[in-house]
Amino acid sequence: MRVARTAHPTWEAALSINSLQAPGTPAHLWHWRGGLREAVRRSPDGSRRLSAAAALVPAAGRFPDFLTPPVGDSDVEAHFAAILSLPAADLRDDLRRTFAHRGAVPRWARRLFADGRTDEIVELLRWYHELAVGPSWPVVQRRVDAERARYTQRLLDDGVEGLFRHLHPSIRWRNPVLEARYPVDRTIVLAGRGLTVVPAHFCWGGPVTFLHTEQPTLVCPAGGLTSVMATEPGESVRRLAALIGRTRARLLAQVVAAATPGGLAADLGISAASVSQHTKALREAGLLTTTRSGPAVRHVLTPLGRAVLDAGQG
């Protein structure tokens, strides 16, 4: 098993397109979603382009693997180059697999199948990435790095099986099978190929995987419990909000992924001063601790804080 070395720009783009359409957007995406909608309004032909992007990655259902090439590089242009260099025969095979069980094939897929060229798709993805993902990339990278650190610590403490048991609340390890909540029944046999785990900022609610790939890949929500705890209008945040207030409930859930004041402010769309005020109240309540090393400040959940999160989820 291996963990992706860096955030995956085309997975983040595809999953963010999905997040714009899906109900129950997590709290850490509320500020981003509002800003993107305003940016689309200002962009020439923005509404039409966004609708075209939404057709590529629908709120429910499959999307082709070629949109998220297995490139181990955070440079999005390297991913676009991989899409552009895909042979027409491979592109058509991917489209056949994706839409084989659907009664109606989208118009864009029929046109792409006919000409075998991805130029227009890449132009659309580049526009969307520059508008939606690029400005948020520091936040994306920070949350993914935090998740990778969590995976690494879990591997050191409990080994591979321990990591599998704690990847995400929607994932279950039943030796030798890794079970995940997924929209359709699928079985992927590793056959000695190993498994690449990709934590993703814009993945939430449950994992995602390629339909067909030489390297089995599991894309998991970055932030552990955050992706489950901070949904809108999730019962978890409502339960906590009734006890400690909505902003503090969201902040407590977000500490799992963003442990610094700057990270919390960026993810929640509030000021650094507000973060300081709310973390002080949570600290006095015994729900988190704060450590300082020079100018650096880091917040960590206490066992009581973790128990409150777990109780909110139940």
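pLDDT is the predictor's confidence in each residue, on a scale from 0 to 100.

**View 1. Confidence across the predicted model.** The structure shown is a predicted model. Its protein chain has a mean pLDDT of 81, with 85% of the residues at 70 or more. Over residues 225-234, pLDDT stays under 50.

**View 2. The four-stranded sheet.** Four strands form an open sheet in the order β1-β4-β6-β5, and their pairing is mixed.

**View 3. Pairing of β5 with β6.** Strand β6 spans residues 217-221 and pairs with β5 in the antiparallel sense, over two bridges. Within β6, V219 is the bridge partner of V208. In general, strands of a sheet pair through backbone hydrogen bonds, in either a parallel or an antiparallel manner.

**View 4. Helix α8 across the sheet.** Helix α8, comprising residues 137-165, lies across β1, β4 (196-200) and β6. Relative to β4, α8 runs at about 140 degrees.

View 5. Helix α2 covers residues 30-42. At 1.5 Å a residue, its 13 residues should span 18 Å, and the end C-alpha atoms are 19 Å apart, which agrees. The buried residues of α2 are W30, W32, R33, L36, A39 and V40. These buried residues pack against four helices: α1 (9-21), α3 (46-56), α7 (119-133) and α11 (246-254).

Note on methods: Residues are numbered from 1 along each chain as its sequence is written. This is a predicted model: local features need pLDDT of at least 70, side-chain atom pairs count only at pLDDT 80 or more; totals for chains, interfaces and linings use all residues. Side-chain values use heavy atoms; hydrogens and water are left out. Two strands pair if DSSP finds at least two bridges between them. Contact means heavy atoms within 4.5 Å. Axes are lines fitted to C-alpha atoms, for helices over the stretch in contact, and angles run from 0 to 180 degrees between N-to-C directions. The expected span of a helix is 1.5 Å times one less than its number of residues. Buried means under 20% relative accessible area, exposed over 50%, partly exposed in between (1.4 Å probe, protein chains only).
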